[in-house]
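Please keep the sequence and the 3D view open while reading.

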Amino acid sequence: MRKRAFAVGLCLVMVGLVAGVVYAQFAKTEDAIKYRQSVMSVTGTHFSWMGAVVRGEQAFTQEAFLKNADLVNALIKLPWEAFLMPGSDKGSKMKPEALAQRDKFMELAKANQAEVAKLAAAAKAGDFNAIRPQFGTAGASCKACHDLYRIK
Ligand code: HEC
């Protein structure tokens with residue numbers, strides 16, 4: 001009896017530890033929402049600056065493009081824990097399905113990070129003819145998630 005109570009207690013402590021590690025940064029769902037919306041907003045700004053170059057509205061210089069690509073590549077690694085905080089769909093533009101289908105959501109997040117990393121590599125190599133299609137591919141993988149899990 002005491003052994004069993006001990007085992008149950010130990011399990012609860014371990015669950016608490018894991019949950020504590022994952023969500024320690026965010027005391028409230030509002031904090032997680034604010035964080036991820038901020039990251040996404042800055043990411044979107046740097047992404048759209050590259051878009052203007054790809055569409056020919058801004059001149060291409062490797063230095064400026066690489067700076068934006070490197071920033072997006074760093075930023076896009078940040079927000080995912082904040083997306084997965086339970087209850088954080090409420091009061092945001094994230095659909096509840098994102099939390100219900102977190103494996104699928106994280107698959108799309110990982111795919112997007114891989115395409116953004118390829119874009120940064122192309123920007124580093126500096127060939128605009130390779131950069132342009134990769135920008136399109138990366139953008140499509142942002143959109144793939146928005147289409148499924150973001151409220152328009
Ligand atoms: C795996 C899913 C996913 C991927 C990948 C993703 N997003 Fe998002 N994005 C979301 C969701 C969900 C929201 C709504 C968040 C909220 O309201 O809390 C969002 C919100 C945004 C916003 C609005 C932020 C604001 O001001 O509130 C921008 C801009 C944005 N994303 C840009 C991007 C860009 C650019 C990429 C690709 C480089 C990208 N996203 C990749 C899921 C994703």
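## Residue classes and the model

Ala, Val, Leu, Ile, Met, Phe, Trp, Tyr, Cys and Pro count as nonpolar. Asp, Glu, Lys and Arg count as charged. The others, Gly among them, count as polar. The model discussed here is predicted.

## The largest pocket

The largest pocket holds about 480 Å³ of space. Its lining is made up of 25 residues. Closest to the pocket centre are Arg36, Met40, Phe83, His146 and Arg150. H2 provides the largest share, 7 residues.

By class, the lining of the largest pocket splits into 14 nonpolar, 8 polar and 3 charged residues.

## The ligand and its shell

Where does the ligand sit? The ligand is placed in the largest pocket. Around the ligand are 20 residues. The closest are Arg36, Met40, Cys142, Cys145 and His146.

Which helix gives the most to the shell around the ligand? H2 does, with 6 residues. H2, H4, H6 and H7 each supply at least two residues of this shell. By class, the shell has 11 nonpolar, 6 polar and 3 charged residues.

In Arg36, a polar side-chain atom lies 2.8 Å from an oxygen atom of the ligand. In Gln37, an N or O atom of the side chain is 2.8 Å from an oxygen atom of the ligand.

## Ser48 on helix H2

Ser48 belongs to helix H2. Is Ser48 buried, partly exposed or exposed? Ser48 counts as partly exposed because its relative accessibility is 40%. That class runs between the buried limit, under 20%, and the exposed limit, over 50%.

How far apart are Ser48 and Gly139 in sequence and in space? In sequence they are 91 residues apart. In space their C-alpha atoms are 9.7 Å apart.

Definitions and conventions
Residues are numbered from 1 along each chain as its sequence is written. This is a predicted model: local features need pLDDT of at least 70, side-chain atom pairs count only at pLDDT 80 or more; totals for chains, interfaces and linings use all residues. Side-chain values use heavy atoms; hydrogens and water are left out. On a 1 Å grid over the protein atoms alone, a cavity is a set of points where a 1.4 Å probe fits but cannot get out, and a pocket is an open set with protein on both sides within 12 Å along at least five of seven lines; lining residues have an atom within 4 Å of a point. Grid points are joined across faces, edges and corners, and a volume is the space filled by probe spheres set on the points. Helices (H or I, at least four residues) and strands (E, at least two) are DSSP runs, numbered from the N terminus. A residue is near a molecule or strand if one of its heavy atoms lies within 4 Å of it. A polar contact is a pair of N or O atoms within 3.5 Å; within protein, one must be able to donate a hydrogen and the other to accept it, and residues adjacent in sequence count only if both atoms are side-chain atoms. A molecule sits in a cavity or pocket if more than half of its atoms lie within 2 Å of its grid points. Buried means under 20% relative accessible area, exposed over 50%, partly exposed in between (1.4 Å probe, protein chains only).
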